[in-house]
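Please read these notes with the structure open beside you. Take the points in order.

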Amino acid sequence: MSAERITAALARIEAAAARIEAAREAEAESKAAGASARVIELVNVHEKLREQVADSLRELDDLLAKLED
């Protein structure tokens, strides 16, 4: 994996962590704890899906690179 891709992956991870932290803070401030918990759950599901898509794209990149060789 190139340094550029590693940097991009780390930036996505840091952004995800910031969104999760923001969701946690919003939950603490919210009177509707049930609704906030659902938002956090959706954020976590969304991040998991993003990671799966990123993994799939990496696999495709690797396959294309092998075909080019």
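1. Start with a definition. Buried means under 20% relative accessible area, exposed means over 50%, and partly exposed is in between. Arginine 58 has a relative accessible area of 22%, so arginine 58 is partly exposed. Keep in mind that this is a predicted model.

2. Stay with arginine 58. Its side chain meets the side chain of aspartate 55 in a salt bridge, at 2.4 Å from N to O. Both residues lie in helix 2. They are 3 residues apart, about one turn of the helix. Aspartate 55 is partly exposed too, at 38% relative accessibility.

3. How many salt bridges does a search of the whole structure find? The search finds 3. The general idea is simple: side chains of opposite charge can pair when their charged atoms come close.

4. Next, look at glutamate 47 and arginine 19. Their side chains meet in a salt bridge of 2.4 Å, N to O. Glutamate 47 lies in helix 2 and arginine 19 in helix 1, so this pair ties together parts that are 28 residues apart in sequence. Is glutamate 47 buried or exposed? Glutamate 47 is buried, with a relative accessible area of 7%. Arginine 19 is partly exposed, at 34%.

5. Now take aspartate 61 and arginine 5. Their side chains also form a salt bridge, at 3.6 Å from N to O. Aspartate 61 belongs to helix 2 and arginine 5 to helix 1, so the pair ties together parts 56 residues apart in sequence. Aspartate 61 is partly exposed, with a relative accessible area of 38%. Arginine 5 counts as partly exposed as well, at 27%.

6. Turn to the largest pocket. About 220 Å³ of space lies in it. Helix 1 (3-29) and helix 2 (33-68) each supply at least two residues of the lining. Which helix gives the most to the lining? Helix 2 does, with 7 residues.

7. Check what lines this pocket. By class, the lining has 5 nonpolar, no polar and 6 charged residues.

8. Finish on the surface. Val53, Leu57, Leu60 and Leu63 form a nonpolar patch there. Together they have about 380 Å² of accessible area. Leucine 63 is found in helix 2.

Notes. Residues are numbered from 1 along each chain as its sequence is written. This is a predicted model: local features need pLDDT of at least 70, side-chain atom pairs count only at pLDDT 80 or more; totals for chains, interfaces and linings use all residues. Side-chain values use heavy atoms; hydrogens and water are left out. On a 1 Å grid over the protein atoms alone, a cavity is a set of points where a 1.4 Å probe fits but cannot get out, and a pocket is an open set with protein on both sides within 12 Å along at least five of seven lines; lining residues have an atom within 4 Å of a point. Grid points are joined across faces, edges and corners, and a volume is the space filled by probe spheres set on the points. Helices (H or I, at least four residues) and strands (E, at least two) are DSSP runs, numbered from the N terminus. Ala, Val, Leu, Ile, Met, Phe, Trp, Tyr, Cys and Pro count as nonpolar, Asp, Glu, Lys and Arg as charged, and the others, Gly among them, as polar. Patches are made of residues with over 30% relative accessible area and no salt bridge: like charges are joined within 9 Å, nonpolar side chains (Val, Leu, Ile, Met, Phe, Trp, Tyr) within 5 Å. Accessible areas come from the Shrake-Rupley method with a 1.4 Å probe; for residues, only the protein chains shown count as cover. A salt bridge is a side-chain nitrogen of Lys or Arg within 4 Å of a carboxyl oxygen of Asp or Glu. Buried means under 20% relative accessible area, exposed over 50%, partly exposed in between (1.4 Å probe, protein chains only).
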